[in-house]
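Please look over the structure before reading on.

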Amino acid sequence: MKIALVGATGLVGSVMLKVLEERGFAKCELLPAASQRSVGKEILFAGRTLKVLSVEQAIEAAPDFAIFSAGSAASLTYAPQFAAKGTTVIDNSSAWRNYEHIPLVVPEINIDSVRATDRIIANPNCSTIQMVLALAPLHWKYKIKRLVISTYQAVTGTGMKAVNQLMSERAGEECDKAYPYEIDLNVLPHGGTFEESGYTTEELKLVNETRKILSDKNIMVTATVARVPVIGGHSESINVEFYNDYDIEDVRHLLQKMPGIKLYDDPEENKYPMPRYVQNKDEVWVGRLRRDESQPNSLNMWVVADNLRKGAATNAIQIMQKLIDIWHL
Ligand code: A2P
């Protein structure tokens, strides 16, 4: 198996290297690629030292898969060039997610949306992935009418510059700012950029991507994204209104059965998911399940996951694993 990793020197890229090794790809022919400034640099993969290639060199090698985490501009330019070589691209940027003909995939939910002829597949936004994985089994049984979401997102979701900002502020040192305000000891109700509507791009991803992955354009979604001084792990408070009434014990049962979900909900023992404790874990953690008593058929839940793992690297690599399986590669 020949696999290109575009963005191998980045924050998500480094987690992808780890996840590839963990998931049985240590012996694959890995082609790490990045921008021109990194070409020739060395990276470590599964005990081997590999030289970073240019994206053009990686395309030329016509790998079986190219996993991208290099931003939208690089994806828009290079994904079609890989596709033209017959390579299947799994793209972690937002470049392709909203195109009708491009599958947007959380493998536990909708791997069957990928056709054998698809050469570009989009990996959803981190906060969408963890949310829809927890919602899918409930939607299949009780049908979601409306979602009200508030997120508490970690700085790794913004990138290395944001991690540096948080750590520098904590150490009292000067640094380049990723955010317009201090992030340490603060909460910024601002993820992505503001649109004319007053919503941010991160908030709209939760709206559009949820509908696409759950194949239901009628789900009403409203979201507020906040950035919190947490290094890794996004948390979400989700209020779900169903068309049909539900049984809370059945909800627990459905979540326990859902692959990729870990139900961790025992308030009497102070057991609820927190970002500090989900780091380096692949599951999406769900807790604080309780009936919303202010209106019928409604539920509150708290969902936490490692945004660089299930929110990015793990989901992308799981897509590849499923396709290898389905396509008998
Ligand atoms: P480089 O390290 O050479 O800049 P992050 O998400 O941490 O910012 O990382 C982004 C990743 O995407 C890095 O590996 C970066 O490479 C890579 N990258 C950014 N722009 C391009 C580009 N135009 N072509 C290829 N790789 C790119």
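The text below takes the ligand site and then several individual residues.

This is a predicted model, in which local features need pLDDT of at least 70, side-chain atom pairs count only at pLDDT 80 or more, and totals for chains, interfaces and linings use all residues. Residues are numbered from 1 along each chain as its sequence is written, and side-chain values use heavy atoms, with hydrogens and water left out.

## The ligand site

The space taken by the ligand is the largest pocket. A pocket here is an open set of points on a 1 Å grid over the protein atoms alone, where a 1.4 Å probe fits, with protein on both sides within 12 Å along at least five of seven lines. A molecule sits in a pocket if more than half of its atoms lie within 2 Å of its grid points.

There are 14 residues around the ligand. Those that come nearest are Thr9, Leu11, Ser35, Arg37 and Ser38. To be near, a residue needs one heavy atom within 4 Å of the molecule.

Taken alone, the ligand exposes 570 Å², and the protein buries 68% of that. Accessible areas come from the Shrake-Rupley method with a 1.4 Å probe; for residues, only the protein chains shown count as cover.

## Leu11

Leu11 is among the residues that come nearest the ligand. Leu11 lies in helix α1, residues 11–22. Helices (H or I, at least four residues) and strands (E, at least two) are DSSP runs, numbered from the N terminus.

Is Leu11 buried, exposed or partly exposed? Leu11 counts as partly exposed because its relative accessibility is 24%. Buried means under 20% relative accessible area, exposed over 50%, and partly exposed in between (1.4 Å probe, protein chains only).

Leu11 is in contact with Thr156, Gly159, Met160 and Leu308, leaving aside neighbours within four places in sequence. Contact means heavy atoms within 4.5 Å. Gly159 is 148 residues from Leu11 in sequence, yet their C-alpha atoms are 6.6 Å apart.

## Arg97

Arg97 is found in the loop between β6 (88–91) and α4 (107–110). Arg97 is buried, because its relative accessible area is 4%.

Leu188 sits in the loop between α6 (160–171) and α7 (201–213). With a relative accessibility of 4%, Leu188 counts as buried. Not counting residues up to four places away in sequence, Leu188 touches Tyr179, Tyr181, Val225 and Arg227, among others. Leu188 and Pro229 are 41 residues apart along the chain, with 9.2 Å between their C-alpha atoms.

Val221 belongs to strand β9 (residues 220–227). Val221 is buried at 13% relative accessibility. Leaving aside neighbours within four places in sequence, its contacts are Leu147, Ile149, Leu206, Val207 and Arg211. Ile3 is 218 residues away from Val221 in sequence and 36 Å away in space, C-alpha to C-alpha.

Asn300 lies in strand β13 (residues 298–305). Asn300 counts as buried, at 18% relative accessibility. Its side chain makes a polar contact of 2.8 Å with the side chain of Asn239. Arg288 is one of the residues that Asn300 touches, not counting those up to four places away in sequence.

Arg288 is placed in strand β12 (residues 284–291). Arg288 is partly exposed, at 34% relative accessibility. Asn297 is in the loop between β12 and β13. Asn297 is buried, with a relative accessible area of 17%.

Most residues other than glycine have a negative phi. Arg288 has a positive phi of about 55 degrees. Asn297 also has a positive phi of about 55 degrees.

How values were computed. On a 1 Å grid over the protein atoms alone, a cavity is a set of points where a 1.4 Å probe fits but cannot get out, and a pocket is an open set with protein on both sides within 12 Å along at least five of seven lines; lining residues have an atom within 4 Å of a point. A polar contact is a pair of N or O atoms within 3.5 Å; within protein, one must be able to donate a hydrogen and the other to accept it, and residues adjacent in sequence count only if both atoms are side-chain atoms.
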